[in-house]
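Biologist: Got a minute to go through the aromatics and the core with me? Put the model up first.

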Amino acid sequence: MRPIVYLAHPRLDRSEINGPMFRIAQELPGITCVDLYAEYPTFHIDIPHEQARLVTHDAVIFLHPVYWYSCPALMKEWIDLVFEHGFAYGQDGHALDNKVMMQAVTCGAAAQTYHPDGANGAHLRDLLAPFEKSADLCRMRYLAPFTLFSAGKAEEDGRDAVHLGQWRALLTALRDDTLNIPAARKALTLNDIAATLAASPETA
Ligand SMILES: Cc1cc2nc3c(=O)[nH]c(=O)nc-3n(C[C@H](O)[C@H](O)[C@H](O)COP(=O)(O)O)c2cc1C
């Protein structure tokens with residue numbers, strides 16, 4: 001597969017985890033990496049350029065911190081403008097048919113808060129429903145999100161290196177088309193699948 005990673009982080013200089021995740025994606029051969037805030041600091045998105053770039057890839061990966069149960073503003077603007085009627089959806093809009101869409105997201109809140117019985121009242125995948133429904137409308141194959149909870153404490157807990165290893169394994173499997181897509185679509189998060197891939201990349 002030809003994956004493209006879109007990073008949206010308005011303060012990359014202060015990022016503890018999205019920045020390192022983006023650098024890993026940049027190091028892997030065969031993966032296109034786009035830093036949206038670096039390319040569009042004034043939010044003036046070049047729609048024809050973005051659509052032309054998008055159609056040459058088969059796996060669309062949105063890498064971002066969760067902001068207000070959603071993505072940073074520029075990523076929303078990018079989706080609003082690039083996933084156009086007649087291009088991405090509608091009777092004559094088939095440019096994204098069958099492409100994979102995946103979110104790699106980081107959260108400040110703890111894992112147990114993203115549960116029907118927790119403080120956020122729902123699983124993160126369910127809260128990210130607008131992305132999944134948009135993918136459905138564009139006839140894309142939405143995967144479960146790859147998540148890091150309590151992101152601000154990941155480094156001191158030693159979870160950051162584990163997460164980065166799993167992210168590398170996941171991107172590699174997507175690129176090499178060895179990811180079990182039906183299982184990745186069904187899961188609540190991609191984390192268990194990514195852990196298996198990182199443990200034995202040649203068999204998972
Ligand atoms: C404007 C804003 C909104 C945020 N909203 C959420 C949220 O809805 N849920 C959550 O778990 N964390 C939220 N956070 C915390 C960020 O997700 C967290 O700081 C980020 O994932 C850490 O990644 P980084 O070190 O790469 O910046 C928010 C942070 C900011 C600045």
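**Aromatic pairs and cores**

Modeller: This is a predicted model. Searching the whole structure gives 7 aromatic pairs.

Biologist: How do the rings of Tyr37 and Phe43 pair?

Modeller: Edge-to-face, because their planes sit at 75 degrees, with the centres 6.0 Å apart.

Biologist: Buried or exposed, that Tyr37?

Modeller: Tyr37 is buried, at 16% relative accessible area. Phe43 is partly exposed, at 31%.

Biologist: And what about Phe146 and Trp167?

Modeller: That pair is stacked, since the planes are at 10 degrees; the ring centres are 6.2 Å apart.

Biologist: Which elements do they lie in?

Modeller: Phe146 is in strand E6 (residues 146–148) and Trp167 is in helix H7 (residues 159–176). So the pair ties together parts 21 residues apart in sequence. Both Phe146 and Trp167 are buried.

Biologist: Which residues form an aromatic cluster?

Modeller: Tyr6, Phe62, Trp78 and Phe83 form one.

Biologist: Switching to the core. Which members of the largest nonpolar core touch the most others?

Modeller: Met102, Phe146, Trp167 and Leu179, out of 35 residues. Elements giving two or more residues to this core include strand E1 (3–7), strand E4 (100–106) and helix H9 (191–199).

Biologist: Where does the largest share come from?

Modeller: From H7, with 7 residues.

Biologist: Back to Phe146. What is in contact with it, leaving aside neighbours within four places in sequence?

Modeller: Among them are Met21, Met102, His163, Trp167, Leu170 and Ala194.

Biologist: What does the second core include?

Modeller: Val34, Val60, Leu124 and Phe149 are included in that separate core of 34 residues.

Key:
Residues are numbered from 1 along each chain as its sequence is written. This is a predicted model: local features need pLDDT of at least 70, side-chain atom pairs count only at pLDDT 80 or more; totals for chains, interfaces and linings use all residues. Side-chain values use heavy atoms; hydrogens and water are left out. Rings of Phe, Tyr and Trp (its six-membered ring) pair if their centres lie within 6.5 Å; planes under 30 degrees apart count as stacked, over 60 as edge-to-face and the rest as tilted. Buried means under 20% relative accessible area, exposed over 50%, partly exposed in between (1.4 Å probe, protein chains only). Helices (H or I, at least four residues) and strands (E, at least two) are DSSP runs, numbered from the N terminus. A nonpolar core is a set of buried Ala, Val, Leu, Ile, Met, Phe, Trp, Tyr and Cys residues joined through side-chain atoms within 4.5 Å. Contact means heavy atoms within 4.5 Å.
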